[in-house]
Amino acid sequence: WLDLKAKYGFMCLCCKKVEPEIKLTPDHIIPIARWQVYIQFHPKIEYKCSDIENIQPLCGNCNSKKHIKVIDYREIHAQ
(Lines give C-alpha, C1' and ligand atoms only; values in the text may rest on other atoms or scores of the structure.)
Protein backbone atom coordinates (compact mmCIF):
# COMPACT_ATOMS: atom_id res chain seq x y z
CA TRP A 1 0.00 0.00 0.00
CA LEU A 2 2.81 2.41 0.85
CA ASP A 3 4.55 1.61 -2.44
CA LEU A 4 1.31 2.22 -4.35
CA LYS A 5 0.74 5.57 -2.63
CA ALA A 6 4.34 6.57 -3.37
CA LYS A 7 3.95 5.53 -7.03
CA TYR A 8 1.22 8.16 -7.43
CA GLY A 9 2.96 10.82 -5.35
CA PHE A 10 0.64 10.34 -2.34
CA MET A 11 -2.15 11.83 -4.46
CA CYS A 12 -5.85 10.99 -4.65
CA LEU A 13 -6.26 9.88 -8.27
CA CYS A 14 -9.75 11.39 -8.40
CA CYS A 15 -9.50 14.90 -6.92
CA LYS A 16 -5.69 15.21 -7.24
CA LYS A 17 -5.26 16.42 -3.65
CA VAL A 18 -2.13 15.20 -1.90
CA GLU A 19 -1.40 13.89 1.58
CA PRO A 20 -1.27 15.35 4.22
CA GLU A 21 -4.03 17.68 2.94
CA ILE A 22 -6.18 14.55 2.61
CA LYS A 23 -5.97 11.00 4.02
CA LEU A 24 -5.65 8.35 1.33
CA THR A 25 -7.71 5.19 1.58
CA PRO A 26 -7.39 1.99 -0.45
CA ASP A 27 -10.23 1.89 -2.98
CA HIS A 28 -11.24 -1.36 -4.68
CA ILE A 29 -11.43 -0.51 -8.40
CA ILE A 30 -13.87 -3.38 -8.83
CA PRO A 31 -15.86 -3.06 -5.58
CA ILE A 32 -16.13 -6.01 -3.22
CA ALA A 33 -19.92 -5.94 -3.59
CA ARG A 34 -19.68 -6.35 -7.38
CA TRP A 35 -16.65 -8.63 -7.61
CA GLN A 36 -18.32 -12.03 -8.09
CA VAL A 37 -20.62 -10.88 -10.89
CA TYR A 38 -17.98 -8.71 -12.55
CA ILE A 39 -15.36 -11.46 -12.89
CA GLN A 40 -17.90 -13.78 -14.52
CA PHE A 41 -18.01 -11.36 -17.46
CA HIS A 42 -14.28 -10.58 -17.40
CA PRO A 43 -12.58 -14.00 -17.27
CA LYS A 44 -9.14 -12.57 -18.10
CA ILE A 45 -8.86 -11.08 -14.60
CA GLU A 46 -6.27 -13.21 -12.83
CA TYR A 47 -6.05 -11.45 -9.47
CA LYS A 48 -8.25 -11.53 -6.38
CA CYS A 49 -10.51 -8.73 -5.20
CA SER A 50 -8.19 -7.39 -2.50
CA ASP A 51 -4.93 -7.85 -4.42
CA ILE A 52 -2.97 -4.65 -5.02
CA GLU A 53 -3.85 -4.85 -8.74
CA ASN A 54 -7.43 -3.97 -7.76
CA ILE A 55 -6.50 -1.12 -5.40
CA GLN A 56 -6.08 2.59 -6.12
CA PRO A 57 -5.41 5.48 -3.74
CA LEU A 58 -8.43 7.74 -3.21
CA CYS A 59 -9.18 10.14 -0.39
CA GLY A 60 -12.06 9.16 1.88
CA ASN A 61 -14.40 11.69 0.27
CA CYS A 62 -13.78 10.51 -3.31
CA ASN A 63 -13.88 6.86 -2.23
CA SER A 64 -17.32 7.30 -0.68
CA LYS A 65 -18.62 9.21 -3.73
CA LYS A 66 -17.46 6.38 -6.02
CA HIS A 67 -19.58 3.98 -3.95
CA ILE A 68 -19.96 0.71 -5.93
CA LYS A 69 -19.11 2.04 -9.39
CA VAL A 70 -16.24 0.46 -11.31
CA ILE A 71 -13.94 3.40 -12.12
CA ASP A 72 -10.23 2.93 -12.73
CA TYR A 73 -8.69 6.32 -12.03
CA ARG A 74 -5.25 4.86 -12.77
CA GLU A 75 -6.16 4.81 -16.48
CA ILE A 76 -7.42 8.41 -16.32
CA HIS A 77 -4.26 9.46 -14.46
CA ALA A 78 -2.03 7.84 -17.12
CA GLN A 79 -3.45 10.02 -19.91
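Q: Which residue in S2 is the bridge partner of Thr25?
A: This is a predicted model, where local features need pLDDT of at least 70, side-chain atom pairs count only at pLDDT 80 or more, and totals for chains, interfaces and linings use all residues. Residues are numbered from 1 along each chain as its sequence is written, and side-chain values use heavy atoms, leaving out hydrogens and water. Strands (E, at least two residues) and helices (H or I, at least four) are DSSP runs numbered from the N terminus, and two strands pair if DSSP finds at least two bridges between them. Strands S1 (residues 24-28) and S2 run antiparallel, joined by five bridges, and the partner of Thr25 is Leu58.

Q: How many of the residues of strand S2 are buried?
A: Buried means under 20% relative accessible area, exposed over 50%, and partly exposed in between (1.4 Å probe, protein chains only). On one side Ile55, Pro57 and Cys59 are buried, and on the other Gln56 and Leu58 are too. S2 (residues 55-59) is therefore largely enclosed by the rest of the structure, and its buried count is five of the five.

Q: Is the sulfur of Cys49 close enough for a bond to the closest cysteine sulfur or too far, and what is the distance?
A: A disulfide is a pair of cysteine sulfur atoms within 2.5 Å, and the structure holds zero of them. Cys49 is buried, at 12% relative accessible area. Its closest cysteine sulfur is in Cys12, too far for a bond at 19 Å.
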